[in-house]
Amino acid sequence: MKKVLFVLLFISFPCFSQEIALLKYNGGGDWYANPTSLPNLIKFCNTNIHTQIKSKPRTVEPSSPDLLSYPFVHMTGHGNVVFSDADVTNLRKYLLAGGFLHIDDNYGMDQYIHKEIKKIFPNESLIEIPANHPIFQKPFVFANGLPKIHEHDGKRPQAFGIFIENKLVLLYTYECDLGDGWEDAEVHNDPLEVREKALKMGANIINYIFTN
């Protein structure tokens with residue numbers, strides 16, 4: 001019943017503003033990193049792909065019942081992540097009910113996040129998402145898949161996902177740092193083309209959620 005309610009609530013009000021949220025997790029990692037990133041992504045999406053997302057993102061804890069109110073939840077940081085049993089249960093319920101979690105490694109999260117994802121879906125594995133997946137195709141085309149925004153270790157950027165019934169419900173972006181690219185220009189002094197590339201990829205993620 002909860003899955004049906006979530007879907008109905010999401011699709012029944014397409015003309016009204018939607019809200020997205022930032023995940024406030026435990027473990028000591030800086031979940032609050034990149035404070036300007038989501039507001040800038042929202043502004044870009046509302047201007048360029050005609051979404052009507054409320055300008056200020058909410059903050060939500062993984063065990064909160066409010067989690068199911070948001071079609072898109074973003075998670076970032078540089079350090080440790082720990083999901084409690086209550087967090088795991090609620091996150092699984094959220095994702096199976098139609099929610100979407102984007103985890104963006106802000107450099108330093110990778111060594112911790114894999115075991116926490118495994119807690120949520122112990123029988124599923126992260127799968128690298130191919131460049132021909134719809135999330136890279138519209139409304140902006142990324143022919144080579146996930147773009148590189150910041151160098152970090154100089155490795156190629158990779159997008160991994162958990163798929164449930166062939167639908168992407170969890171996206172993990174690694175060696176890319178989209179969130180840094182969404183931040184105000186003066187934070188990282190990225191060239192305009194780099195910031196636009198990051199924002200366009202972010203818009204593709206939002207578009208995928210709102211149209212699938």
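Predicted model: local features only at pLDDT ≥ 70, side-chain atom pairs only at ≥ 80, totals over all residues.

Visitor: What is said of the phi of Glu175, and where is the residue found?
Guide: The phi of Glu175 is near 60 degrees, a positive value in a residue other than glycine, and the residue belongs to the loop between S7 and helix H5 (178-182). Helices (H or I, at least four residues) and strands (E, at least two) are DSSP runs, numbered from the N terminus. Most residues other than glycine have a negative phi, and most peptide bonds are trans.

Visitor: Which value makes Tyr107 partly exposed?
Guide: Tyr107 has 37% relative accessibility, so it counts as partly exposed. Its phi, near 85 degrees, is likewise positive in a residue other than glycine, and Tyr107 sits in the loop between strand S4 (101-105) and helix H4 (110-120).

Visitor: What makes the peptide bond from Lys138 to Pro139 cis?
Guide: The omega of that bond, from Lys138 to Pro139, is near 0 degrees; Pro139 has its place in the loop between S5 and S6.

Visitor: Why is the pair of Phe44 and Phe140 called tilted?
Guide: Rings of Phe, Tyr and Trp (its six-membered ring) pair if their centres lie within 6.5 Å, and planes under 30 degrees apart count as stacked, over 60 as edge-to-face and the rest as tilted. The structure holds six aromatic pairs, and in the one formed by Phe44 and Phe140 the distance is 6.2 Å centre to centre with 45 degrees between the planes, which is tilted. Because Phe44 lies in helix H2 (residues 37-48) and Phe140 in the loop between strand S5 (127-128) and strand S6 (158-164), the pair ties together parts that are 96 residues apart in sequence. Phe44, with a relative accessible area of 15%, is buried.

Visitor: How do you know whether the pair of Phe160 and Tyr172 is stacked or edge-to-face?
Guide: The ring centres of Phe160 and Tyr172 are 6.3 Å apart and the planes stand at 25 degrees, so the pair is stacked. Phe160 lies in strand S6 and Tyr172 in strand S7 (residues 167-174), so the pair ties together parts that are twelve residues apart in sequence. Phe160 counts as buried at 16% relative accessibility, and Tyr172 is buried with a relative accessible area of 0%.

Visitor: How do you know that the span of helix H3 is close to the expected one?
Guide: The expected span of a helix is 1.5 Å times one less than its number of residues; helix H3 (residues 85-96) has twelve residues and reaches 17 Å from its first C-alpha to its last, close to the 16 Å expected. Among the buried residues of H3 are Asp87, Val88 and Leu91, and the helix is followed by Gly98, whose phi is positive, near 115 degrees.

Visitor: What makes a set of residues a nonpolar core, and which members touch the most others here?
Guide: A nonpolar core is a set of buried Ala, Val, Leu, Ile, Met, Phe, Trp, Tyr and Cys residues joined through side-chain atoms within 4.5 Å. The largest such core has 62 residues, and those touching the most other members include Val73, Leu178 and Ile205. H7 gives the most to this core, with nine residues.

Visitor: Why are S2 and S5 called edge strands?
Guide: Two strands pair if DSSP finds at least two bridges between them. Seven strands form an open sheet in the order S2-S1-S3-S4-S7-S6-S5, with mixed pairing, and strand S2 (58-60) and S5 each pair on one side only. Elsewhere in the sheet, strand S3 (residues 73-77) and S4 pair in the parallel sense over five bridges, with Val73 opposite Leu101 in S4.

Definitions and conventions:
Residues numbered from 1 in each chain as written. Heavy atoms only, no water. Buried < 20%, exposed > 50% of the residue type's maximum accessible area, 1.4 Å probe, protein only.
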